[in-house]
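The stops below go in order.

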Amino acid sequence: MDLLNTLVDKGLRRETPTRGEALAVLATSDDDLLDVVAAAGRVRRHWFGRRVKLNYLVNLKSGLCPEDCSYCSQRLGSKADILKYTWLKPDEASKAAAAGLAGGAKRVCLVASGRGPTDRDVDRVSDTIKAIKEQNEGVEVCACLGLLSDGQAERLRAAGADAYNHNLNTSESTYGDITTTHTYADRVDTVQKAHAAGLSACSGLIAGMGESDEDLVDVVFSLRELDPDSVPVNFLIPFEGTPLAKEWHLTPQRCLRILAMVRFVCPDVEVRIAGGREVHLRTMQPLALHLANSIFLGDYLTSEGQAGRADLEMIADAGFEVEGTDQVTLPEHRAGGGCGSHGGGGVCGSAPAGEDSCAGADEEGARRADEPRPDLVAVRRRGAGTDLAPNA
Ligand code: SF4
């Protein structure tokens, strides 16, 4: 297909595709899907080989957020039955992080619900970063604490943070439909503050909220302009108890096309499959490794992922390798910035499911790819904030 040859050539040269080309990827048919994956896979392997970076989420503070992001189980007024707890102590967070690192993760993503940190919160997180770094040599730490005020990014950098995550989530024109308590411009400003402080910027999106193809292309082009080192791609987990609980729009094929489009537009950036991997890609997860070079290991912020061991087996079976702490994630021309990070279940919020998924799988026979799968959404009940061992 001429379109795919053009996109591969551009991806290898780090040239931006046209909006029309990006839209055409999203419009390809299921018959062309493997060709699309193969083409975007060439770009992925050119810049990242067969390495898969593993990231591990630690939810430092869960639920009870005053913001109203519609996709988020921790939002104001959420009826989702998630874990709710206040700040983990540095040693508790460090213990949770150590489990993920022992499981193969090289980056720890420290996430807290809320509009943004107070200066006292930045102190707390700084202590946590120091504890994790002291106890785990070579670990990368990303913070995701919401909107930053002046000077806070610099303080996190000074405490040892490598990266900061803040997602754009959706296009500027539809942002007001999903959140009213802050603006798209607020989010852009925080990503820019992180960049300016020398933190590796991480910013991504959530697909499946009812947006159009144009919205998806808009947000990915905006991300390309912001130039983060890493782009987490979340697939909406329609949590019961949130306004988007009935928004089941994604199929595994659609998710693969979205990841391919992101790879073509951001060819040399760490593209991470974030929340919703198990819920929406399901048995097609291994194909997605040909597009993304990074995933989260184990559980998400408020939902459970598949077993960490299953993540590792999937990577090996698909012919990929877990990226080691001695390997640099980003291509040489980007490496000065840092590494490329978080997202997690996206922003603060969103995240998938998993392990119980085979329970009750199929009394009625084969399912269609576009059927809603609330049975795959499992609220997190282990790890940080509980007495149970984490999934890693
Ligand atoms: S995404 Fe973050 S800011 Fe928005 S409601 Fe969830 S925890 Fe709060």
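Start in the loop between β1 (51-61) and α4, where L64 sits. Before selecting it, two notes on the model. It is predicted: local features need pLDDT of at least 70, side-chain atom pairs count only at pLDDT 80 or more, and totals for chains, interfaces and linings use all residues. Residues are numbered from 1 along each chain as its sequence is written. Element names follow DSSP runs, numbered from the N terminus: helices are H or I runs of at least four residues, strands are E runs of at least two.

Now select L64. Its phi is near 60°, a positive value in a residue other than glycine. L64 has 15 C-beta neighbours inside 10 Å, so it counts as partly exposed. The cut-offs: 20 or more other C-beta atoms within 10 Å of a residue's own make it buried, 12 or fewer exposed, and in between partly exposed, with C-beta atoms placed from the backbone.

Step back to β1. Ten of its eleven residues are buried, so β1 is largely enclosed by the rest of the structure. Colour its partners next; two strands pair if DSSP finds at least two bridges between them.

- β2 (residues 107-112): six bridges to β1, parallel. Select N59 and its bridge partner V111.
- β9 (residues 294-296): three bridges to β1, parallel. Select L54 and its bridge partner I295.
- β10 (residues 321-322): two bridges to β1, parallel. Select R51, which stands opposite E321.

Go on to helices α4 (residues 90-102) and α5 (residues 119-135). They pack at about 45°, with axes 9 Å apart. Axes are lines fitted to C-alpha atoms over the stretch in contact, and angles run from 0 to 180 degrees between N-to-C directions. Which residues make the contact? On α4, show P90, D91, A93, S94, A97 and A98; on α5, show D127, T128, A131, I132 and Q135. Contact here puts C-beta atoms, placed from the backbone, within 7 Å.

Next, select D227, in the loop between α9 (213-226) and β7. D227 has a positive phi of about 60° although it is not a glycine. It is partly exposed, with 14 other C-beta atoms within 10 Å.

Finish on β7 (residues 230-235). Six of its six residues are buried, so β7 is largely enclosed by the rest of the structure. S230, P232 and N234 point one way, V231, V233 and F235 the other. In a regular strand the side chains alternate between the two faces of the sheet. L205 has V233 as its bridge partner.

Key: Contact = placed C-beta atoms within 7 Å.
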